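Please look through this structure with me. My notes are below, in numbered points.

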Amino acid sequence: MNDIAQKNHAHGNPRNFWRLYVFSTDHKVIAKQYLGLALFWALLGGFTAYLIRWQIAHPDTEAWGWGFIEPGVYNALVTMHGTIMVFFVAMPLLLAVFGNFLIPLMIGARDMAFPRLNMLSVWIFALASIVLITSFFVPGGAPAAGWTGYPPLSAKNEYTGGGYGVDLWLVALALEFASFLLGGVNFLTTAMNLRAPGMTWLRLPVLVWMQLIAAVVFMLSVGPIIAGAVLLLMDRNLGTTFYAPAGGGDPLLWQHLFWFFGHPEVYVILLPGFGIILEVLAVFARKPVFAYRPIIYASMVAGLLSFIVWAHHQYLSGMDPRLAMPFSITTIIISVPFGLVVLSIIATLWGSSMSFQTPMLFALGSLGVFIFGGLTGIFNGSAPVDIYIHDTYFVVAHFHYTLISNVFFAGFAGLYYWFPKMFGRMMNEALGKIHFWLTFIFFNAVFGPMHLVGVGGMMRRISNPTQYDFLKPVEPLNMFITLMAILLLVSQLAFVINFLWSLLAGKVATANPWRSNTLEWTTSSPPPHENFAATPVVHRGAYEYSVPHAQDDWLPQDFDSDKASKAALP
Amino acid sequence: MVTNARTMDGSLEPAGKAGTWWFLSSEIPTFGGLLVSYIVLRLGGSGWAEASSHLNLNIALANTFLLLTSSMTIVMAHAAVQENDHKRAAKFLALTVLLGLSFLIMKALEYGVEIRHGFLPGSGIFWSFYYGMTGLHALHVFAGIIVNLVLCIQAARGSLAPNGHRIELAGLYWHFVDIVWIFLFPLLYLA
Amino acid sequence: MQNWFPENVSTFGADVDGIFWLIFYITTVWFFLTEGLILYFVFRYRRRPGCKAVYAAGDTWRQLAWVLVPMAIIVALDVLIDVRGADVWAKVKLQRPPTDIIVRATGKQFNWEFTYPGPDGKFGTDDDLTTDNELHIPVGKPIHVVLTSKDVIHSFFLPHFRLKQDAMPGREIPVWFEATKPGEYEIPCAELCGFGHSGMNGRLFVQTADDYGRWVAEKWPEKRPTDGDRQSETKSRRSRG
């Protein structure tokens, strides 16, 4: 039945370079295009981090390989670092790369429901990237009002000393949102309509569920910030006064619109990361995901709750202080579903049989780092404590622990794990382990002490802490952190070298080097254009590992035990 | 080429319908966010009612009538395509396009009058919202007109055949645009 | 970690720090429990020949209890944190003890302007005094500061008092604090406000009653603060003092 439907879907077999690699509607190629863009932006984002850390530790000196960093440029660097990492690395890597590549494969489909719309999505994202890069080169330079872009600072050029930078930033973001909106439509429709026979909703791998929940949360939350961005563009260019008190407007309006989206957005990033961790853990621990259904329901609840916590970013903003306690309460409540997910992930490890290849190391590392970040979130969520730590490096340390654990540790886990399926070769295991340990050690060396810098009161976004007497005690911490940050960035060379070398000369991969149950491993590495020789038929859930009395410690989703046992009959 | 995949229960459901509904689900918070912001700021501010009194209620009423009628004509186009009468569908789509264009022209004329009287986007917070919300809505009307026009031409040429359901999808979007106006009209003109 | 906090000289500073430490102890226990459990599992359940994993999918209530019970404990502790926290938040942000010392603080790119009402206690009169970056207050008395901004959002941050509040253009936002000992403290801006954000730093002079009295007498020489009558020669002054 599904075969006929999917044959309708066939789009020929393109042979020329342009149709194969540039103008492709194949979800696997599109995923790799997003990967290329995300890795490019990650390198650029990392470079901005290097310059920022240099300036903090050695203010008003010349950074190696760059030169002197003026305060206005510093503000542009912190703005672009945040913007790049959240919208041009985290989103494409976790959602677009893994979602695009894996969803059709994991559900047993030949491609997405709307392949041409998919191609349009990646092209819009590429256009957004070009617009954002352009902002570096226009008069006035890149936007410098923070990745949060609060007006009035962002609304008038005379406040930042900038030019078109903020306008280009707004347009780039709007394009990025449009790209992911279209992607979300594709993901959801694909999962609804193109699952292989036998692939019921509750047999889907957790990763697919997480991508779908993230897509819904994104699509319902992005509207207000699009509205807010339009209003900011109008204030900047048409003289409207949405955010200008003198004209009857309110700067707080932007903050509410931004954070109404901004908070769900961090869960949009988080959930796919959890999905990757769970897939990798199950395979390398040879155990089912513990509490599969509760995890899914809890993630849905968390997604829903994420819409009512946003003003915990605004306790001190000037909004009515009586709102602080209600938002503190909702913030507390949201720790319940996440607590369930994290504890279930830990419970998955109990009674397991773990082997520690690179994907598993990064998955475990991600879990450990995330727990720390989640715990420091409790400090930030408490309104009275926030009076002191708001806009200090304590917040910076907190969100780097939660974001990097997801974007980079889980992202690396996914890349090392699915590299064979994507590119048909294995990555080098020794180099992978080196990459993990260096990253894990230096990451904690950078962001662990940063909590102390925050507790010492150092404010965010200041380019020269030596201008403050009360910050003298944290100077040695800042210098240490900068050195560790440089080492952290340099350590990523291990990944870059491994990735490029393995692409060209890695060991050729078999179809299922990890002995995993999910459908993408039943086809070749890499899969053919049509993904599967014949439409898979699914007989069980995704996590039948170490089933008692079974011959092997794994049982693929499409394995027909009836047929096998009949074949074994004399 | 249509993705007419069969779902798990075997029903033949064009994927485009689910896709359109998901897309609309993201448009709702966009306009919703604007409307809620307008309401909250207006409740806490002053001078909005005075500013609103300068709007031309008659033009807005006419525009409301135009849009509502166009929602009806697109439904009739969909009915026609379900009976396989593509020529009739083309006629109703053409009417829908014409009504949409008339809406935009009236809106442009209305802006002209307001600008001549000195009411610019920067003339105060009410005007900022007025131009912002009706402008964004007008852009959405324009996009809908393009879609309807393309379908109209395809229906007239007889090349719409395997994709007749697309009129229903275009209708969903067009009704959404209409409903946004149903909210904008009282909040801006009648309050 | 205590040593990393700036010295607390505020009457409510200990309350704020108290919630910090409450959360710190609770989260530290959970940190060692969870990370310790992970490390233990990683060691105990590493792959060994002949050892198969246990097929525990968490699909029974007995198994799920291992997750649900800790979660219930977490919720209870979270509620404790919120209840205690609510009291401190109310003390700092929802009420202000009565006082006669009120100063207006206006943030601008890139310094604080402090406006004192002068002996008549009213703003907008001739005896108002505005200084750049200098806030003089007496020790041991509650102080009201009314925050606003001339341009972008700034944030009034007193690290040694555990006080912070964003200053918004178009709004007047009141804060209060009370110093427990004299000294000189910094008032950094804690919200990105432009290319001069780094270095935007006021100075808070907490003075003994005598020193404060001397400062007042120096700034308003013709007027004795206890006099009820107004003198026509008083005029407003701008000073770089």
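The points run from confidence to contacts between chains, then to two packing details.

1. **Model and numbering.** This is a predicted model; local features need pLDDT of at least 70, side-chain atom pairs count only at pLDDT 80 or more, and totals for chains, interfaces and linings use all residues. Residues are numbered from 1 along each chain as its sequence is written, while chains are lettered from A and ligands numbered from 1 in the order in which they are written.

2. **Confidence.** The predictor gives the complex an ipTM of 0.92 and a pTM of 0.92. Chain C has a mean pLDDT of 91 (pLDDT is the predictor's confidence in each residue, from 0 to 100). In chain C, 92% of the residues reach 70 or more. Treat one stretch separately: residues 227–241 of chain C have a pLDDT below 50. Beyond near neighbours in sequence, that stretch has 17 contacts in the model.

3. **Which chains touch.** Two residues are in contact if their C-beta atoms, placed from the backbone, lie within 7 Å. Two pairs of chains are in contact, and chains A and C share the most contacts. Chains B and C do not touch. Their nearest C-alpha atoms are 13 Å apart.

4. **Chain C against chain A.** Here 75 residues of chain C meet 80 residues of chain A. On the chain C side, the elements giving two or more residues are helix 1 (13–44), helix 2 (61–94), strand 6 (154–158), strand 7 (163–167) and strand 9. Helices (H or I, at least four residues) and strands (E, at least two) are DSSP runs, numbered from the N terminus. Helix 2 of chain C gives the most to this side, with 17 residues. By class, the chain C side has 47 nonpolar, 14 polar and 14 charged residues. Ala, Val, Leu, Ile, Met, Phe, Trp, Tyr, Cys and Pro count as nonpolar, Asp, Glu, Lys and Arg as charged, and the others, Gly among them, as polar.

5. **Chain A against chain B.** This contact takes 40 residues from chain A and 36 residues from chain B. Helix 1 (2–7), helix 7 (165–193), helix 8 (206–237) and helix 9 (251–285) of chain A each supply at least two residues of the chain A side. Helix 8 of chain A gives the most, with 11 residues. The chain A side divides into 22 nonpolar, 16 polar and two charged residues.

6. **A helix pair in chain A.** How do helix 5 and helix 7 of chain A pack? Helix 5 (residues 115–137) and helix 7 of chain A pack at about 165°, with their axes 8 Å apart. Axes are lines fitted to C-alpha atoms, for helices over the stretch in contact, and angles run from 0 to 180 degrees between N-to-C directions. The two helices of chain A are therefore roughly antiparallel (angles over 145 degrees). Among the residues that meet are Leu117(A) and Phe125(A) in helix 5 of chain A, and Trp169(A) and Glu176(A) in helix 7 of chain A. The contact has 15 nonpolar, eight polar and one charged residues.

7. **A sheet in chain C.** Three strands of chain C form an open sheet in the order 4-10-9, with mixed pairing. Two strands pair if DSSP finds at least two bridges between them. Strand 4 (134–138) and strand 9 (183–188) of chain C are the edges, each pairing on one side only. Strands 9 and 10 (residues 201–207) of chain C pair in the antiparallel sense over six bridges. Glu186(C) stands opposite Arg203(C) in strand 10 of chain C. Helix 3 (residues 209–219) of chain C lies across strands 4 and 10 of chain C, at about 130° to strand 4.

Note on methods. Angles under 35 degrees count as roughly parallel, over 145 as roughly antiparallel, 65 to 115 as roughly perpendicular and the rest as oblique.
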